[in-house]
Amino acid sequence: MSSASIASSDIPRASTSFRNIRNPSTWQRIRLTIPASDSSGHPVPPGRSRLNLKECKMKESCIHVVNARGAAGDEREAFLGETIADIARTASLPLQRSQTLPREAYVDQRYFEHEADKVLSSGWLCVAHVSQLKTPGSFAAVDVLNEPIVVTRDQAGAIHALSRVCPHRGTDILHECFDVAREGVTKRLVCPYHAWSFTLDGKLSACPEMHEAEGFDKADWKLAEIRSEVWQGFVFVNLDGKAPPLAEQYEPFARIVAPWNTADMEVVIELDWTCDFNWKVLCENWMESYHHMGIHHDTLQLTMPARTTWTDVSYPNFIRCHLPFREEEIERVKAERAGGPRLPGFKPIEGLSLEQETEWGLYLGMPTFMFLTMRDRVLWYRVEPISAQRSRVKTMTLVSKEAMQDPGYEEALVTERKMLSDFHSQDMQVNTAVQRGMNSSRAVRGRLSHLEEPVWRIQRYIAARLHDTYPPNEAQARVA
Ligand code: FES
Ligand SMILES: [Fe+2]
């Protein structure tokens with residue numbers, strides 16, 4: 001029952017023992033005799049965990065507070081219910097009639113928090129690549145939905161995702177405010193507050209002056225382990241601990257990208273970007289290539305025209321798009337494969353088919369794994385949703401070990417760094433501008449081109465996850 005529906009006349013009048021509740025000394029006395037309180041702040045007698053409103057002897061002002069809280073809660077529930085229903089309606093439209101999501105999905109913090117819980121925390125979020133944790137003792141701090149995490153490789157070589165929250169008094173042991181490295185190689189992770197130290201698998205190894213703490217056993221006090229998995233060399237975490245295993249969720253994604261052997265690649269470029277936009281703005285922009293003819297008209301459109309890009313049959317937990325090269329580019333690749341001059345770039349990945357070499361393979365592993373295959377490298381964008389209006393992203397290039405040994409590697413690296421920065425700068429501009437527009441009361445529900453099929457598929461995934469389910473497996477349906 002909503003507390004807003006309870007009238008103040010329903011509440012018994014204050015008894016003498018609760019008179020002058022605002023008088024500090026009386027309050028203190030009450031607090032001393034009735035130390036506990038329930039979730040509404042109502043004092044409860046010993047042996048009881050809660051007091052119902054009719055039993056409460058506090059003054060009416062207390063009830064007003066409770067009622068106000070209830071009204072705000074009701075309003076939030078109504079808002080979320082409407083927004084979720086709108087998203088479900090939008091996602092159920094056929095592609096030919098598809099339109100953009102309501103602006104609230106991009107700007108409203110209440111919706112963001114709900115979405116973070118239902119869509120992001122329940123999925124697998126990519127936080128690192130094994131090449132960033134090469135040696136035993138490697139560690140890297142990463143924030144996932146404001147959850148402080150450290151990814152480590154322990155002395156036995158196993159990868160862990162650990163909470164950075166110290167089990168002593170709750171400190172984030174690698175907070176930016178401390179003058180300590182947030183990534184590197186170490187034997188122990190030491191909490192700067194009282195110097196408790198932890199091994200790379202999270203065990204408490206030392207804690208000064210705790211010998212008088214009765215019943216204290218070091219073995220009970222670890223950095224909490226967050227559920228993690230390594231998929232194709234990428235380290236993922238699942239915050240709610242309930243997602244189906246990645247091998248199941250991303251099947252057959254792993255088989256499709258197997259020729260790149262990403263587990264053996266190395267991250268060679270990392271660029272950090274602070275983004276004043278919602279994470280979905282970034283993912284939608286990443287997946288649709290319609291905008292090649294707009295903001296990328298002088299870069300990507302020249303080699304992969306928007307019109308020829310297409311979206312593969314859909315799988316419930318990832319989207320695959322093809323960005324084929326123009327004919328003259330294909331001829332250049334053919335000539336190189338036939339023994340002609342090397343094209344600019346890193347040493348090509350061995351064993352790729354002509355088709356794999358002459359297109360970019362664009363992927364979104366749901367919900368946020370942005371991944372791109374090319375003939376000589378792969379890109380991975382690590383997104384950190386922070387709030388409705390803010391995200392952080394790290395754009396990264398990975399190459400094979402063979403490419404790193406190639407005489408042309410250093411030169412290719414310089415060119416790649418510039419390219420990675422240039423074309424993402426164009427995307428940063430449009431994403432920032434989209435968020436500004438979404439914040440306007442004049443924002444309308446736009447219509448989508450067929451080239452924006454991935455945007456529509458993202459909507460379908462989000463709508464399904466908001467209802468604790470997944471979109472249908474269209475690939476499986478076709479086989480059946
Ligand atoms: S809070 Fe970490 S050692 Fe005290
Ligand atoms: Fe782009």
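At what angle do the axes of helix H7 and H13 cross? The legends below begin with that pair.

**View 1. Helices H7 and H13 of a predicted model.** The axes of H7 (residues 279-287) and H13 cross at roughly 140 degrees and come within 8 Å of each other. Axes are lines fitted to C-alpha atoms, for helices over the stretch in contact, and angles run from 0 to 180 degrees between N-to-C directions. That angle makes H7 oblique to H13; angles under 35 degrees count as roughly parallel, over 145 as roughly antiparallel, 65 to 115 as roughly perpendicular and the rest as oblique. The crossing of H7 and H13 is right-handed, where right-handed means that the near helix is turned clockwise from the far one by less than a right angle, and left-handed that it is turned anticlockwise. From H7, Lys280, Cys283, Glu284 and Met287 meet Pro454, Val455 and Ile458 of H13. Two residues are in contact if their C-beta atoms, placed from the backbone, lie within 7 Å. Helices (H or I, at least four residues) and strands (E, at least two) are DSSP runs, numbered from the N terminus.

The model is predicted: local features need pLDDT of at least 70 and side-chain atom pairs count only at pLDDT 80 or more, while totals for chains, interfaces and linings use all residues. Residues are numbered from 1 along each chain as its sequence is written, and chains are lettered from A and ligands numbered from 1 in the order in which they are written.

**View 2. Helices H7 and H12.** H7 also packs with H12 (residues 409-438), at an angle of about 135 degrees and with the axes 10 Å apart. This makes H7 oblique to H12. The crossing of H7 and H12 is right-handed. Val281, Leu282 and Asn285 are the residues of H7 that meet H12, where their partners are Asp427, Val430, Asn431, Val434 and Gln435. H7 is mostly covered, with 9 of its 9 residues buried. A residue is buried if 20 or more other C-beta atoms, placed from the backbone, lie within 10 Å of its own, exposed if 12 or fewer, and partly exposed in between. The buried residues of H7 include Trp279, Lys280, Glu284 and Trp286.

**View 3. The largest nonpolar core.** This core has 94 residues, of which Val127, Ile149, Val151, Phe236 and Leu364 touch the most other members. Helix H13 (residues 453-466) gives the most to the core, with 7 residues. Domain 1 (125-228) and domain 2 (247-479) both contribute residues, so the core lies between them. A nonpolar core is a set of buried Ala, Val, Leu, Ile, Met, Phe, Trp, Tyr and Cys residues joined through C-beta atoms within 7 Å; domain bounds come from an automatic or database domain assignment. Not counting residues up to four places away in sequence, Leu364 touches Cys283, Trp286, Met287, Phe318, Ile319, Phe369, Met370 and Pro454.

**View 4. Two cis peptide bonds.** The bond from Glu251 to Pro252 is cis, with omega near 5 degrees. Pro252 lies in the loop between helix H5 (246-249) and helix H6 (253-257). The bond from Met366 to Pro367 is cis, with omega near 0 degrees. Pro367 is in the loop between strand S17 (359-365) and strand S18 (369-373).

**View 5. Two positive phi angles.** Gln232 is not a glycine, yet has a positive phi of about 50 degrees. Gln232 sits in the loop between strand S12 (228-231) and strand S13 (234-237), and counts as buried because 21 C-beta neighbours lie inside 10 Å. Asn261, also not a glycine, has a positive phi of about 45 degrees. The loop that holds Asn261 runs between H6 and strand S14 (266-275). With 15 other C-beta atoms within 10 Å, Asn261 is partly exposed.

View 6. Arg103 is in the loop between H2 and helix H3 (104-107). It is partly exposed, with 18 C-beta neighbours inside 10 Å. Leaving aside neighbours within four places in sequence, Arg103 is in contact with Met438 and Ala443. Val444 is 341 residues from Arg103 along the chain, and their C-alpha atoms are separated by 7.9 Å. Gly81 belongs to helix H2 (residues 60-91) and is exposed, with 10 other C-beta atoms within 10 Å.
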